[in-house]
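Hi,

Here is the structure I promised to pass on. Have a look at it first, and then read my notes below.

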Amino acid sequence: MAMAPNVITPATLGLDQDAPLEALMQAGASHLWLHASPTQALATQADRRILVEGRGCRVTDAQGRTYLDALSGQWLVNVGHGREEIAEAMARQAKALAYGNASRAATLPAIQLAAVLAHLTPGDLSTVFFSSGGSEAVESALKIARQYHALRGEPERYKVIARRGSYHGATYGAMSASGSRSGVDSYFGPLLSGTLSVSAPYCYRCDYRKTYPECDVYCVDAIEDLLRYESPNTVAAVIAEPISAACGIVVPPVEYLPRLREICDRHGVLLILDEVITGFGRTGKMFASEHWGVVPDIMTLAKGLSSGYAPIAATVCRQPIADVFGGANGKAIGHLLTFGGQPVACAAALANLEILQRENLVGNAEQQGAYLLSRLHDLASRHPSVGDVRGLGLLCALELVADRRTQQPFPVDGPEINYLLKTLAELGVLTRAEGNLYLAPPLCIARHEIDELAGIVDTALSHFEEAYSYL
């Protein structure tokens, strides 16, 4: 009998769960490239850490320190950490069938999840294309939109209009359709042709120097102006986040999305709403677009779809869009992703959505989000470093300013924001900040935890303002 080769495992490398922290940190620094980070970040970046456990709204690192997770991981652990029934559903499915050919076979969990999503999403959104993450969901939406027009005899419709400051993903199409060029063009340009942008409905910093409501929501009319300038019959889609997290939790005026829907209909342009962050209860509705009664032609979903327990995303189309690809006439979608509808991920999503509904976490997000926003407004009244407070449900932000009167932001590369984040972590809160301090805890958060979070933010802002006394 042939001798078995040496088996390389974490244990043989000295990296099992009982390994010394120093060994884990060294292995991570040497071999693991954290996303949006330099190599060796675990060794060189003070704010990087090894997380080992999560329960509810809290996570624990390898040093035994516990934090309130004020960003739900990365805007996505909607049902909270440590949900055993999701892990058990994944294990059952992995034992039964871990994978099926994404283009030639369906699996029971994929069919079940597609049907559940068809009933949860608004209007006649009813046909689901699965992928692995939000970037892929957006990439799929862009390709569906372009092929849809081509199949209907309008191949000249290839342009996509987005809003400046938006973020739709990191794949090439999604990155090109995002409304941010900072740090992109210098590395990855030129981006895809035909991707255009207009200003976001960012009332605190209006690019048009207008004031709501006297502006009559000019920022949405600017989309129609651009459509006419480009010639509407060359535009395939407008893509927008109902509430833009990347822009700083920009909640649009009430007239904005309904008027955008009308503009797209008037010119035969598809409306893609990116609900990767805002979907599945984050804003106090199952989907943020429901706040304004708007049904998009295509909706992109990810993050809260499985609450991060498995990588899964979905691109959901209205029936008239799907019908163009239907039947046995060879109009197949020209798009394939190996892990689309992976059954273990679908099982995780199904268990997650059941928890979300059974525990009425959407309603809890609405109630606790309103309370969190009231606490943040109180903070703003006492802290000169807070220029604006924005949010809906458990998707909130404090815009930080060096001068409230002039709305002067902090320098992008300055030490101020890093100091604030370090202070928050020392006080037991993990979150993210650039020009805005983001607060988006899991939807299972209780009122006493909101009070704890607001109290820590209050203390951290006081330390921050004392350290930078020019405020």
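Below is what turned up, starting with the strands and moving on to the charged pairs.

Keep in mind that this is a predicted model.

Let's start with the hairpins. Strand S1 (residues 51-55) runs antiparallel to strand S2 (residues 58-61), and 4 bridges join them. Arg55 sits opposite Arg58 in S2. There are 2 residues between these strands, and Gly56 in this hairpin has a positive phi near 60 degrees. S2 also pairs with strand S3 (residues 66-69), again antiparallel, over 3 bridges. On that side Arg58 faces Leu68. This second hairpin has 4 residues between its strands, with Gly64 in the turn at a positive phi of about 85 degrees.

Next, the surface: Tyr172, Tyr187, Phe188 and Leu192 make a nonpolar patch of about 450 Å². Phe188 belongs to helix H8 (residues 185-188) and is partly exposed, at 38% relative accessible area.

Now the salt bridges, of which the structure holds 27. One of them joins Lys159 to Glu230, with the closest N and O atoms 2.6 Å apart. That pair links distant parts of the chain, as Lys159 is in strand S5 and Glu230 in helix H9, 71 residues apart. Lys159 is buried at 10% relative accessibility, and Glu230 is buried at 18%.

Within H9, Glu224 and Arg228 are 4 residues apart, about one turn of the helix, and form a salt bridge at 3.3 Å between the closest N and O atoms. Glu224 is buried at 7%, whereas Arg228 is exposed at 51%.

Cheers

Technical notes. Residues numbered from 1 in each chain as written. Predicted model: local features only at pLDDT ≥ 70, side-chain atom pairs only at ≥ 80, totals over all residues. Heavy atoms only, no water. Pairing = 2+ DSSP bridges. Patch = residues over 30% accessible without salt bridge, like charges linked within 9 Å, V, L, I, M, F, W, Y side chains within 5 Å. Areas by Shrake-Rupley, 256 points an atom, 1.4 Å probe, with all protein chains shown as cover. Salt bridge = Lys/Arg side-chain N within 4 Å of Asp/Glu carboxyl O. Buried < 20%, exposed > 50% of the residue type's maximum accessible area, 1.4 Å probe, protein only.
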